[in-house]
Amino acid sequence: MSDFAIETKKLRIYYGENEIIKGIDLKVPKNVVFALMGPSGCGKSTLLRAFNRLLELNKEARVEGEVLILGKNVYGNGVNPIDVRKQVGMVFQYPNPFPHLSIYDNVAIGLKLNHLVKSKEELDERVKWALEKAFLWDEVKGRLDDYPASLSGGQKQRLVIARALALKPKILLMDEPTANVDPIGTRKIEELLFELKREYTIVLVTHEPMQAARVSDYVGFLYLGKLVEVGLTREIFEKPKHELTEKYVTGVLV
Amino acid sequence: MSVLQKIKRIDGFKIITSPAVMFVFLLFAWMLIVYFYNALPAFVREGLATYFKNVWQATEEASKEHYGLLAAIWGTVYTSIIAILVALPLSIAYSVFVIDYAPKKIKNALIVLSDVMAGLPTIIYGIWGVFVLVPLLQKYVMFPLHKHLSFIPIFSSPPITGYSYFSAGILLGIMVTPFASAIMREAYQMIPFTYREAAIASGMTRYEATKTLLGYIKPAIFSGMILAFGRAVGETVAVSLVIGNTFNLSIGLFSPGYTISSLIANQFGNAFIYEHMLPALYAAGLALFIIGLAVNIAGLYLFRKWEKNVRI
Ligand SMILES: Nc1ncnc2c1ncn2[C@@H]1O[C@H](COP(=O)(O)OP(=O)(O)OP(=O)(O)O)[C@@H](O)[C@H]1O
Ligand SMILES: [Mg+2]
């Protein structure tokens, strides 16, 4: 088994004729928060969606190169993307719990469909477990049958995190999880990241360098589809090697 | 406040639209009153039997005339229920196919096609029903079902002519599918992409994701079904060609029957010959109003209830 949670080799991504990701070799160690930062439109979301083969939803998108998840190329022959997605959970820029499913069912649906639990008791237990992991249980335990509309933005996002955790993935991909969440909700989610990285590898996309500095162990700076610089967060923020990185972390480049 | 300010405060659209709304409302009330007024003699003469008895005695001796609409009311409800049971899977399948699976080139062609189908004169469906659909159904569906499953009450009546509740219901189901699917298609297309991503990212198959997303547009599916039901209830020409026009009160799918609309269309020409028939036909019309109103109110009520729970 590989030492890295995620490894990409000569990864290129196209939308039609446009090359969006221009040859990226990236290594994400296990059990860290790895922040991917960069200005709007540089390809962060696109890159992230290559890791769980979610790009396949877009007929225009084409992937070249390799993405190794825990040592296995997910674009290799005979790989079932559904197995990949059970290992790699995802949280989105816009909090998107299913509005027509109860809080309980939002967490339970993936478990039910994938037959990951054997009994109602086990399902109840796993739902509780996932909600606890996402620091949400205490706030919703009395109203599991309510709909997500009754939750705040931050709570919705933690519900989405619980939905992802329920499948017991190894890796969590988070695409600007706090972009649509108020400051208090943002702090809670950031605290949650510290807890989660003990057991999971987290790739966090952000366009705020400050957030990357606060929560990540490693950071990669993406600019116009190229990985300009990668390294320990502290080092990158203290003495960036690349001029572009320096401009970005000091807020000159937006 | 100056006059100018006052004038500015008057909302132009409100001025134009209010009378139009009033007009529509008055028209509706007026029609309802006309129907009720003209049906009154029937209610006075027959009482509740007008709606709850199956009898149709048209004779020249006025005192022996009796009209009770139960068979037609039953036929209307029965065929319309069959119709939405047919239209539900068809319209969902059509919507999902057009949006998710159809190649770009034929997508628009399919949408135009279903709009054309919706607009076709109903006599076209009726004639196709008589010459194509009914014989096919009779031979390949009704006879086999009756032969092997006649111990089940709904299959117990023999499909002698093929003209039946079943034929009418199936034909209606086909006719209302384009209307139902137009609503569902719009709603399905409007589902934010992020929910599809969420479904797929949670390890769902394409089929499971689609099923989950259909849950999201349940209200639209529901509205589509109500619209379909309303159209099925009101459809006249095509139905009267394939239902058999018999005062029958049967649970047997393959029995001939009547619907309110087909009854009115068939009997209206003779109504003036008899002393008491016309009020009965007005009462039939009133029953259509009531069914339409009841279905829509029930739909609205359920929709509200849903909306209260799931604000998106
Ligand atoms: N579905 C698509 N089809 C074609 N081009 C796309 C598509 N989605 C994104 N792009 C393009 O790909 C580039 C990268 O987009 P991406 O969403 O990955 O950027 P991002 O770094 O996540 O930006 P943001 O911070 O705004 O979310 C952009 O130039 C965008 O216009
Ligand atoms: Mg993005």
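Modeller: Let's start with Lys10(A), which sits in strand 1 of chain A. Please keep in mind that this is a predicted model. Lys10(A) is not a glycine, and yet its phi is positive, at about 45°. As background, most residues other than glycine have a negative phi. Is Lys10(A) buried or exposed? With 10 C-beta neighbours inside 10 Å, Lys10(A) counts as exposed, because the cut-off for exposed is 12 or fewer.

Now let's look at the strand around that residue. Strand 1 covers residues 4-15 of chain A, and nine bridges join it to strand 2 of chain A. The two strands run antiparallel. To see one such pairing for yourself, find Thr8(A), whose bridge partner in strand 2 of chain A is Leu26(A). In general, strands of a sheet pair through backbone hydrogen bonds.

Stepping back, the sheet in chain A is open and has four strands, in the order 2-1-4-5, with antiparallel pairing. Strand 2 (18-29) and strand 5 (72-73) of chain A stand at the edges with a single partner strand each, so one side of each is left without a neighbour in the sheet.

The ligand comes next. Ligand 1 has 13 residues around it, and those that come nearest are Tyr15(A), Ser40(A), Lys44(A), Ser45(A) and Thr46(A). Which element gives the most to this shell? That is helix 1 (residues 44-51) of chain A, with three residues. Sorted by class, the shell around ligand 1 holds eight polar, three nonpolar and two charged residues.

Further along chain A you can find a pair of packed helices. Helix 6 (residues 153-166) and helix 7 (residues 183-196) of chain A have their axes 8 Å apart, at an angle of about 25°. Helix 6 and helix 7 of chain A are therefore roughly parallel to each other, because angles under 35 degrees count that way. On the side of helix 6 of chain A, the contact involves Gly153(A), Gly154(A), Gln157(A) and Arg158(A), which meet Ile184(A), Gly185(A), Lys188(A) and Ile189(A) in helix 7 of chain A. By class, this contact has four polar, two nonpolar and two charged residues.

Between helix 6 and strand 7 (171-175) of chain A there is a loop, and Lys168(A) is in it. Lys168(A) is another residue other than glycine with a positive phi, near 50°. Lys168(A) has 17 other C-beta atoms within 10 Å and is partly exposed.

Finally, let's see where the two chains meet. The contact takes 21 residues from chain A and 20 residues from chain B. On the side of chain A that touches chain B, helix 2 and helix 3 (103-113) of chain A are the elements that give two or more residues. That side of chain A divides into 13 nonpolar, five polar and three charged residues.

Over in chain B, have a look at helix 8 (residues 193-201): seven of its nine residues are buried, so this helix is largely enclosed by the rest of the structure. Among the buried ones are Tyr195(B), Arg196(B) and Glu197(B). The buried residues of helix 8 of chain B pack against helix 2 (81-87) and strand 6 (88-91) of chain A, together with helix 9 (206-216) of chain B. Just after helix 8 of chain B comes Gly203(B), with a positive phi of about 80°.

Key:
Residues are numbered from 1 along each chain as its sequence is written. Chains are lettered from A and ligands numbered from 1 in the order in which they are written. This is a predicted model: local features need pLDDT of at least 70, side-chain atom pairs count only at pLDDT 80 or more; totals for chains, interfaces and linings use all residues. A residue is near a molecule or strand if its C-beta atom, placed from the backbone, lies within 6 Å of it. Ala, Val, Leu, Ile, Met, Phe, Trp, Tyr, Cys and Pro count as nonpolar, Asp, Glu, Lys and Arg as charged, and the others, Gly among them, as polar. A residue is buried if 20 or more other C-beta atoms lie within 10 Å of its own, exposed if 12 or fewer, and partly exposed in between; C-beta atoms are placed from the backbone. Two residues are in contact if their C-beta atoms, placed from the backbone, lie within 7 Å. Two strands pair if DSSP finds at least two bridges between them. Axes are lines fitted to C-alpha atoms, for helices over the stretch in contact, and angles run from 0 to 180 degrees between N-to-C directions. Angles under 35 degrees count as roughly parallel, over 145 as roughly antiparallel, 65 to 115 as roughly perpendicular and the rest as oblique.
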